[in-house]
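Open the model in your viewer and keep the sequence panel beside it. Each stop below tells you what to select and what to look for.

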Amino acid sequence: MKRFKAVAASVMACTILFSFTGCSGFKVIDDEDVFFDALDSIAKIDEDETDHAKNTTYDGDKVEYLIYCKDGDNIYTYLRFKKADAAMDRFEDFYDDFKDMKEDGDFEGSSSMSMGKTRGSVVFNGSAEDGTSLGFYRQSYYDDDAELYGGVYVNENVYIEVFSVNGSKRDKEKIANFLKELKFPKP
């Protein structure tokens, strides 16, 4: 009987482990049209309402495709780097900033963080204190307290930010629906 309980406990632990790892997975969006389609269908943002560029550079790294859009309090960013290392470096900088912010007690709320060799995510729903430095694509410092909702993701050579700053309930719903459309982890 003890052996049966041990085997049952092991099977249960493995099942739970696989369910957690399955939830954290998300696929590479290596075609910018997938991002544009989600912007159009979920956020009601047309391609011509975005800043986008092909074959450009960001922070000295070659970018195959860049999409940026600010819709009220919501921000959507897609960077497909030429090299996966550049995307991961960009993500690691954000990951480290967010980790420091949490350790310093400058973030209150829920969050989850994961980082592997080629994939990672930081998902958040909470408030950042005045003066917090976070390395988002177009903004890296907040002068006032800010409510943050959304996530930052990397998978291979693609880096994505989808979040709301001081957004309304409706803004946060758009962010959640957008992330659901991309099958990304959401807050």
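**Ground rules**

This is a predicted model, in which local features need pLDDT of at least 70 and side-chain atom pairs count only at pLDDT 80 or more, while totals for chains, interfaces and linings use all residues. Residues are numbered from 1 along each chain as its sequence is written, and side-chain values use heavy atoms, with hydrogens and water left out.

**Stop 1: the whole chain**

Show the cartoon. The protein has four helices and seven strands. These are DSSP runs, numbered from the N terminus: helices are H or I with at least four residues, strands are E with at least two. From the N terminus, the order is α-α-β-β-β-α-β-β-β-β-α. Of the 187 residues, 41% are buried (under 20% relative accessible area; exposed is over 50%, partly exposed in between; 1.4 Å probe, protein chains only). Now consider contacts (heavy atoms within 4.5 Å). Among those with a separation of 6 or more, 55% join residues 24 or more positions apart.

**Stop 2: helix H3**

Select residues 84–103. This is H3, with 20 residues. From first C-alpha to last, H3 reaches 28 Å, close to the 28 Å expected (1.5 Å times one less than the number of residues). Show side chains. Buried residues of H3 include Phe91, Phe94, Tyr95 and Phe98. Arg90 is also on the buried list. Then step to Gly105, which follows H3 and has a positive phi, near 75°.

**Stop 3: H2 against H4**

Select H2 (residues 32–42) and H4 (residues 169–182). They pack at about 140°, with axes 10 Å apart. Axes are lines fitted to C-alpha atoms over the stretch in contact, and angles run from 0 to 180 degrees between N-to-C directions. H2 and H4 are therefore oblique to each other (under 35 degrees is roughly parallel, over 145 roughly antiparallel, 65 to 115 roughly perpendicular, the rest oblique). Show side chains again. From H2, Val34, Phe35, Ala38, Leu39, Ser41 and Ile42 meet Lys174, Asn177, Phe178, Glu181 and Leu182 of H4.

**Stop 4: Tyr153**

Select Tyr153, in strand S6 (residues 146–155). Is Tyr153 buried or exposed? Its relative accessibility is 1%, so Tyr153 counts as buried. Beyond neighbours within four places in sequence, its contacts include Phe26, Phe91, Val123, Leu179 and Phe184. Finally, check the C-alpha distance from Tyr153 to Ala87: 9.6 Å, across 66 residues of chain.
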